[in-house]
Amino acid sequence: MKYLFVHIAKTAGTSVNSVFQNAFGVPHCLVHVESEAAWTEQAPRKSLVSDKVFISGHRTFADFSKKLDLCEFFVFTFLRDPFAHVISHLAWIRRLREPDHADDFWAHPPYIQELAEKLYSVDFNCSEDVKRLVDSLKPVEFALLDNPQVRYLRDRDSGAVTEGDVDSAIRNIQGMNDYGFLESFEDDLRRICLAAGIGAPSTSPRKNVRKVTESPLTVSNDVLIDAIYPLIRHDVMLYRQAKNSRNSQKVVGVVDGIHNGKLFGWARFGFNKEPVLLDVFLNGAFFTSTWANNSRSDLREKFGLDCAFECELFELSERDIISVRERTTGSDLKNSPLIMNG
């Protein structure tokens, strides 16, 4: 199995890369493909990726689709609340102009330096000032901030983002093996790792996180939010539809009971073949996770799906309470919770 992470900027990608590098070893991982000159040409690229198990980078889904056979990969990405996303990007660029980041400032190309200067001079508490900034963005600056998440996930590589691009971005993300959200990062990364078959990370610390300081560049600044909305309105549509798509998957399932220290049952999302990830709790505390993807003849005959699960519980005490919940919605399965000997 190979793994491809479509690394949308400012969505905790450094943390994701770290987890997979720890799982497979740095030599077997290729991160930030956008910085590899060999990526652009077929023969050098083939050599570059030949021994890599995990690939990631700030490249669009369209670019990855052209340059890799995605059928060979477990493909996933992370989305972020569009308002927090664009503000994080603005704050990162503006930070380059601060006196103690001079080395970083001069290491960036002139158009980034110019935008950093522009952002540094803006009063983000002044509605007219922020609107003037948005209206004054040059094409290269606009491309950095214009609905970046749709830009990463749509079918085409260039041009201003349109509503049609939202449709293709939704199709592409739903065609991936999995996707998560920065706002539920640890849970979603854990689920993705389990789905990818590498096991849950022991820890998943967020890396490269911007320190929060007193600044008008926050999602609580209504003046800023209103002014930048035109830059992210298509990202907002993508984010809401992706969230709704994830949350609308109604889980159906039953905890059959416990036999010889093992918990048995089944769970499914309607007749969707996507397996259900379940969290098992013992006396209200998280115990373990398990996938409902085992084969069972009665369920196969009834649903045409492999959706059974079993879980080793070890020693249980009288009146212990076992609960089983679907990960993304937090829904309890039928017959959950169970009370031992109750």
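This report walks through the sheets, helix packing, cavity and backbone details of one predicted model.

**The parallel sheet**

Start with the sheet of five strands. Its order is S2-S3-S1-S4-S5, it is open, and its pairing is parallel. Two strands sit at the edges: S2 (29-30) and S5 (178-181). Each of these edge strands pairs on one side only. Strands of a sheet pair through backbone hydrogen bonds, and the pairing can be parallel or antiparallel.

Now look at strand S1, residues 2-6. Five bridges join S1 to strand S4, residues 73-79, and the two run parallel.

What lies in the loop between S1 and H1? Ala12 has its place there. Check the backbone of Ala12: its phi is positive, about 65°, although Ala12 is not a glycine. Most residues other than glycine have a negative phi.

**Helix H1 meets helix H11**

H1 also packs against a helix, H11, which covers residues 185-196. Their axes are 12 Å apart, and the packing angle is about 35°. The crossing of H1 past H11 is right-handed.

Which residues make the contact? From H1 come Ser15, Val16, Val19 and Phe20. They meet Phe185, Leu189 and Cys193 in H11. By class, this contact has six nonpolar residues, one polar residue and no charged residues.

**The antiparallel sheet**

A second open sheet has four strands, in the order S9-S8-S11-S12. Here the pairing is antiparallel. The edges are strand S9 (285-292) and strand S12 (338-339), and each pairs on one side only. H11 packs on this sheet too, touching S8 and S9. The direction of H11 makes about 40° with that of S9.

Val280 stands opposite Val324 in S11. Next along, Phe281 has Ser323 in S11 as its bridge partner. S11 is also joined to S12, by two bridges, and this pair runs antiparallel as well. There, Ile321 stands opposite Ile339 in S12.

The loop between S11 and S12 holds Pro337. Is the peptide bond from Ser336 to Pro337 cis or trans? That bond is cis, with omega near 5°. Most peptide bonds are trans.

**A hairpin**

Strands S6 (residues 251-259) and S7 (residues 262-269) run antiparallel and are joined by eight bridges. Gly257 stands opposite Phe264 in S7. S6 and S7 form a hairpin with two residues between the strands. In this hairpin, Asn260 takes a positive phi near 55°.

| Strand pair | Bridges | Direction |
|---|---|---|
| S1 and S4 | five | parallel |
| S11 and S12 | two | antiparallel |
| S6 and S7 | eight | antiparallel |

**The cavity**

How many cavities of 30 Å³ or more does a search of the whole structure find? The search finds one. The largest cavity has a volume of about 30 Å³.

Which residues line the largest cavity? They are Leu90, Leu133, Val134, Leu137, Leu145, Ile228 and Leu231. Two elements give two or more residues to this lining: helix H7 (127-136) and helix H12 (222-247). By class, the lining has seven nonpolar residues, no polar residues and no charged residues.

Notes: Residues are numbered from 1 along each chain as its sequence is written. This is a predicted model: local features need pLDDT of at least 70, side-chain atom pairs count only at pLDDT 80 or more; totals for chains, interfaces and linings use all residues. Side-chain values use heavy atoms; hydrogens and water are left out. Two strands pair if DSSP finds at least two bridges between them. Axes are lines fitted to C-alpha atoms, for helices over the stretch in contact, and angles run from 0 to 180 degrees between N-to-C directions. A crossing is left-handed if the near helix is turned anticlockwise from the far one by less than a right angle, and right-handed if clockwise. Contact means heavy atoms within 4.5 Å. Ala, Val, Leu, Ile, Met, Phe, Trp, Tyr, Cys and Pro count as nonpolar, Asp, Glu, Lys and Arg as charged, and the others, Gly among them, as polar. On a 1 Å grid over the protein atoms alone, a cavity is a set of points where a 1.4 Å probe fits but cannot get out, and a pocket is an open set with protein on both sides within 12 Å along at least five of seven lines; lining residues have an atom within 4 Å of a point. Grid points are joined across faces, edges and corners, and a volume is the space filled by probe spheres set on the points.
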